Amino acid sequence: MTEHKSDLMRLLTERGYIHQTTDAAGLDALAAKQVVPGYIGFDATAPSLHIGSLVQIMLLRRLQQAGHKPIVVMGGGTTRIGDPTGRDESRKMLTDEAIDGNIASIRTAFERLLTFGDGPTDAVMVNNQDWLGKLGYIEMLQKVGTHFTVNRMLSFDSVKLRLEREQPMTFLEFNYMILQGYDFRYLSQEMGARLQMGGSDQWGNIVNGIELGRRMDGTELFGVTTPLLTTADGAKMGKTAAGAVWLNEDQLPAYDFWQYWRNTDDRDVGKFLRLFTDLPLDEIARLEKLEGSAINDAKVVLANEVTALVRGADAAKTAEQTASQTFAGGGVGEDLPTFDLPADGISLLDALVGIGFAKSRGEAKRLVAGGGARVDGEQIKDENHHIAGGAEVRLSSGKKKHGILNP
């Protein structure tokens with residue numbers, strides 16, 4: 001393994017964050033001798049990011065832990081266009097008010113994981129609408145457009161895939177890569193940013209920005225991407241059958257967030273502990289070696305550590321207590337999802353949909369037919385089963401999802 005000069009490259013390498021670097025030796029040398037401001041851009045298309053973005057937020061946290069300056073770039077401007085990367089269709093337009101509201105809501109997740117302030121290594125959050133919104137169209141074409149060839153732009157996967165599938169790509173979206181490249185150039189000029197980081201799908205956009213900075217200003221810039229994160233069974237991080245695993249409490253209860261990590265595949269425990277917690281590497285090595293039922297102890301540690309970072313220590317403690325009471329003691333945890341039970345009762349299918357264990361009656365039927373529905377611990381395979389009103393009922397979907405029907 002390469003002997004790193006900087007704490008930054010050592011930390012990122014040891015914990016498994018690096019997929020590609022534009023110049024690993026150059027970045028290592030720079031980080032060893034000065035504070036490196038580095039940034040990652042985030043969309044503002046929803047009131048919360050989901051855990052698919054958590055590795056990027058943790059990357060900014062590692063940057064700060066290694067003595068460097070994180071810049072969180074909210075895409076208030078680029079969200080108005082929509083990143084075509086990995087998309088088959090155009091994104092719906094959001095109003096200015098909706099975008100601003102989303103940014104304010106998203107900021108709360110960053111405030112738990114980064115230290116913001118005015119110091120040399122304190123994090124800052126900026127909105128690219130502040131500079132992109134001031135660019136005149138002709139000025140943009142003259143200053144920036146001349147550094148991009150259409151031939152090169154057509155070669156990017158984000159464009160090629162859409163054209164190959166004969167899916168329309170608007171001229172507006174076609175400009176996204178130019179604006180993202182300009183972001184890097186602007187941040188290097190105005191805030192001293194030398195490093196852009198992102199997911200592996202952003203490699204082309206990052207390289208664009210590096211080349212633009214070199215051509216316009218002669219500045220040496222650097223890029224780092226993280227591996228595409230999938231679970232051991234091949235699923236994309238952040239997606240479940242029930243929907244996205246959101247970072248914000250008002251989008252997803254803490255218990256469900258905790259439970260997602262508790263249900264981690266045995267094979268992913270070590271990787272997730274390295275990426276998503278601050279536990280020492282020797283402790284992680286010990287935990288990931290656990291076998292049989294003992295690996296569940298490591299999963300509880302993982303769930304507690306990530307939930308404490310993202311939601312706070314109290315949320316993690318409450319979620320673990322709820323799980324303990326539900327699974328071990330057969331009791332009822334106070335953090336479980338609930339649904340009000342009508343006085344005259346409810347059909348099992350409607351109860352499963354109402355509490356969120358199924359998105360439709362059809363999905364609920366399949367759950368029941370597969371033996372996944374339990375009422376007060378008893379497996380029910382009759383899709384016409386009626387749950388009587390007047391008393392609290394514990395409803396379960398499979399072995400890991402539980403809820404309460406309140407009388």
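In the predicted model, strand 1 is joined to strand 6 (residues 222–226) by 2 bridges, and the two strands run antiparallel. Within this pair, Thr21 stands opposite Val224 of strand 6. Both strands belong to an open sheet of 6 strands, in which the order is 1-6-5-2-3-4 and the pairing is mixed. The edges of the sheet are formed by strand 1 (20–21) and strand 4 (124–127); each has a single partner strand, so one side of each is left without a neighbour in the sheet.

Two helices were found to lie across strands of this sheet. Helix 11 (residues 203–217) lies across strand 1, strand 5 (195–199) and strand 6, and runs at about 175 degrees to strand 6. Helix 4 (residues 96–113) lies across strand 2 (37–42), strand 3 (69–74) and strand 4, with an angle of about 165 degrees to strand 4.

Helix 4 also packs against helix 3. The axes of helix 3 and helix 4 come within 10 Å and cross at roughly 45 degrees; the two helices are therefore oblique to each other. Their crossing is right-handed. On the helix 3 side, Leu54, Ile57, Met58, Leu60 and Arg61 take part, and these meet Phe110, Arg112 and Leu113 of helix 4. By class, the contact of helix 3 with helix 4 comprises 6 nonpolar, no polar and 2 charged residues.

Helix 3 (residues 54–65) has a further packing partner in helix 13, the axes coming within 9 Å and crossing at roughly 50 degrees. Helix 3 and helix 13 are therefore likewise classed as oblique to each other. Leu54, Val55, Met58 and Arg62 of helix 3 make this contact with Arg274, Leu275 and Phe276 of helix 13. The residues involved in the contact of helix 3 with helix 13 are 5 nonpolar, no polar and 2 charged.

Helix 13 (residues 269–276) packs in turn with helix 15 (residues 295–311), at an angle of about 25 degrees and with the axes 10 Å apart. Because angles under 35 degrees count as roughly parallel, helix 13 and helix 15 are described as roughly parallel to each other. The crossing of helix 13 and helix 15 is left-handed. Helix 13 contributes Val269, Phe272, Leu273 and Phe276, while helix 15 contributes Ile295, Ala298, Lys299, Leu302, Val306 and Leu309. This contact of helix 13 with helix 15 has 9 nonpolar residues, no polar residues and 1 charged residue.

Val375 has Leu395 of strand 14 as its bridge partner.

Over the whole chain, 18 helices and 15 strands are assigned. The radius of gyration is 24 Å, close to the 22 Å that the globule rule gives for 407 residues, so the chain is as compact as a globular protein of that length. Along the principal axes, the C-alpha atoms fill a box of roughly 75 × 50 × 40 Å.

Methods
Residues numbered from 1 in each chain as written. Predicted model: local features only at pLDDT ≥ 70, side-chain atom pairs only at ≥ 80, totals over all residues. Heavy atoms only, no water. Axes fitted to C-alpha atoms, helices over the stretch in contact; angles between N-to-C directions. Helix = DSSP H or I, 4+ residues; strand = E, 2+ residues; numbered from the N terminus. Parallel < 35°, antiparallel > 145°, perpendicular 65-115°, else oblique. Left-handed = near helix turned anticlockwise from the far one by under 90°. Contact = heavy atoms within 4.5 Å. Nonpolar A, V, L, I, M, F, W, Y, C, P; charged D, E, K, R; others polar. Pairing = 2+ DSSP bridges. Rg over C-alpha atoms; globule rule 2.2 N^0.38 Å.
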